[in-house]
Amino acid sequence: MKRVVITNNKKVESMANKAEVVMLDKASNLDVLQEGLKAASKGARLLLDPTRRKGYYKSLVFFVDEEEKTADEKSISTIKRCMSELTAQGNSAANKEPILAGIFQSRDLDLVKSVLR
């Protein structure tokens, strides 16, 4: 099994020694969730609840079993719930890079670090 992080946070690239990092440059948080949904549909299992952190920067941590190709319904359900919450909010502020980007990137990175230890 391998660990994969799908993110739009450049600071998470520093975790490349602990997991495969899929960097979605200039992607919104909704774009990250959509990419995560694709991964879960291919059998990746979500390790980090995306509803725990609101805002522009989003990192999804998955376990990927190369032999398991069955969709992970729990991960799909969690991601879809987060996507519906985002669209219900109108996706306005959460879809724009914040002025204090560095602070929010660091918070997102800390969450990823806590999962990958």
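A salt bridge is a side-chain nitrogen of Lys or Arg within 4 Å of a carboxyl oxygen of Asp or Glu. By this rule the count comes to four salt bridges. This is a predicted model: local features need pLDDT of at least 70, side-chain atom pairs count only at pLDDT 80 or more, and totals for chains, interfaces and linings use all residues. Residues are numbered from 1 along each chain as its sequence is written, and side-chain values use heavy atoms, with hydrogens and water left out.

View 1. Side chains of opposite charge can pair when their charged atoms come close. Lys 2 forms a salt bridge with Glu 20, and the closest N and O atoms are 2.8 Å apart. This pair links distant parts of the chain, with Lys 2 in strand β1 and Glu 20 in strand β2, 18 residues apart. Strands (E, at least two residues) and helices (H or I, at least four) are DSSP runs, numbered from the N terminus. Lys 2 also forms a salt bridge with Glu 66, where the closest N and O atoms are 3.4 Å apart. Glu 66 lies in the loop between β4 and α2 and Lys 2 in strand β1, so the pair ties together parts that are 64 residues apart in sequence. Lys 2 is partly exposed at 33% relative accessible area; Glu 20 is partly exposed at 38%. Glu 66 counts as partly exposed too, at 46%. Here buried means under 20% relative accessible area, exposed over 50%, and partly exposed in between (1.4 Å probe, protein chains only).

**View 2. The salt bridge between Lys 10 and Asp 25.** The two side chains meet at 2.8 Å, N to O. Lys 10 lies in the loop between β1 and β2, and Asp 25 in the loop between β2 and α1 (29-41), so the pair ties together parts that are 15 residues apart in sequence. Lys 10 is partly exposed, with 48% relative accessibility. Asp 25 is partly exposed, with a relative accessible area of 48%. Salt bridges that share partners join Lys 2, Glu 20 and Glu 66 into one network.

**View 3. The four-stranded sheet.** Four strands form an open sheet of mixed pairing, in the order β2-β1-β4-β3. β2 and β3 (45-46) stand at the edges with a single partner strand each, so one side of each is left without a neighbour in the sheet. Two strands pair if DSSP finds at least two bridges between them. Strand β1 (residues 2-7) pairs with β4 in the antiparallel sense over six bridges. Val 4 stands opposite Phe 62 in β4. With strand β2 (residues 20-23), β1 pairs in the parallel sense over four bridges. Thr 7 has Met 23 in β2 as its bridge partner.

**View 4. Asp 72, buried without a salt bridge.** Asp 72 lies in the loop between β4 (59-64) and α2 (73-88). Asp 72 is buried yet has no salt bridge; Arg 45, the nearest side chain of opposite charge, is 5.8 Å away. Lys and Arg count as positive and Asp and Glu as negative; His and the chain ends are not counted. Leaving aside neighbours within four places in sequence, Asp 72 is in contact (heavy atoms within 4.5 Å) with Ala 40, Gly 43, Ala 44, Arg 45 and Leu 46.
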